[in-house]
Amino acid sequence: MIHIITGSTLGGAEYVGDHLSDLLNAEGLETTIHNQPELNEIANQGIWLIITSTHGAGEYPDNIQPFIAALQNTPPKMSDVRYAVIAIGDSSYDTFCAAGQHAHHLLQDIGATPITECLTIDVLEHTVPEDAAESWLKSHLPLLR
Ligand SMILES: Cc1cc2nc3c(=O)[nH]c(=O)nc-3n(C[C@H](O)[C@H](O)[C@H](O)COP(=O)(O)O)c2cc1C
């Protein structure tokens, strides 16, 4: 099972999550999308794919903040979780993709295993972030099985 966990204010990261979920399902991989993630509803095993934008001054979007706080305050056993983070942001901000980068380090710190480095998608360069995410997915598919 691949848990797709999104952090989004304007919907962009959610669209990326929906798109990747469709592609993974077409490859025969099972997914669950968590657009309002609750730590106690997400099994601490399998693959977590976190897709989050950055808002404010390097902040997480509101919908994912409680989930991140719960991971920090009461981290579950993460040794059976492999994960990847897709960070979406705008490189005109000093805090480019800060939320996604933070999530990547946090998961590693609490004992989950990274599948790969954090992917950053710059919306100035990629007006359709789904396209950049799709290319990434295709090249990382063997690691997600
Ligand atoms: C008020 C505001 C603050 C933002 N702050 C940041 C930021 O600190 N770092 C960054 O990389 N992008 C920042 N962005 C860009 C967003 O991350 C980007 O537009 C993203 O595509 C939004 O994704 P979403 O639709 O999932 O919320 C900001 C955008 C807005 C509107």
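Which ligand atom does a backbone N or O atom of T54 lie 2.7 Å from? It's an oxygen atom of the ligand, 2.7 Å from a backbone N or O atom of T54, counting polar contacts as pairs of N or O atoms within 3.5 Å. A backbone N or O atom of D90 lies 3.1 Å from an oxygen atom of the ligand, and for T95 a side-chain N or O atom is 2.6 Å from a ligand oxygen. On its own the ligand has 640 Å² of accessible area, and the protein covers 80% of that (Shrake-Rupley, 1.4 Å probe).

This is a predicted model, where local features need pLDDT of at least 70 and side-chain atom pairs count only at pLDDT 80 or more, while totals for chains, interfaces and linings use all residues. Residues are numbered from 1 along each chain as its sequence is written, and side-chain values use heavy atoms, with hydrogens and water left out.

Around the ligand there are 19 residues (a heavy atom within 4 Å), with S8, G12, T54, T95 and C97 coming nearest.

As for the site, the ligand sits in the largest pocket, meaning that more than half of its atoms lie within 2 Å of the pocket's grid points. The lining comprises 21 residues, with S53, T54, H55, I88 and V123 nearest the pocket's centre.

Notes
Polar contact = N/O pair within 3.5 Å; in protein donor to acceptor, adjacent residues only side chain to side chain. 1 Å grid on protein atoms, 1.4 Å probe; cavity = no way out; pocket = protein on both sides within 12 Å on 5 of 7 lines; lining within 4 Å.
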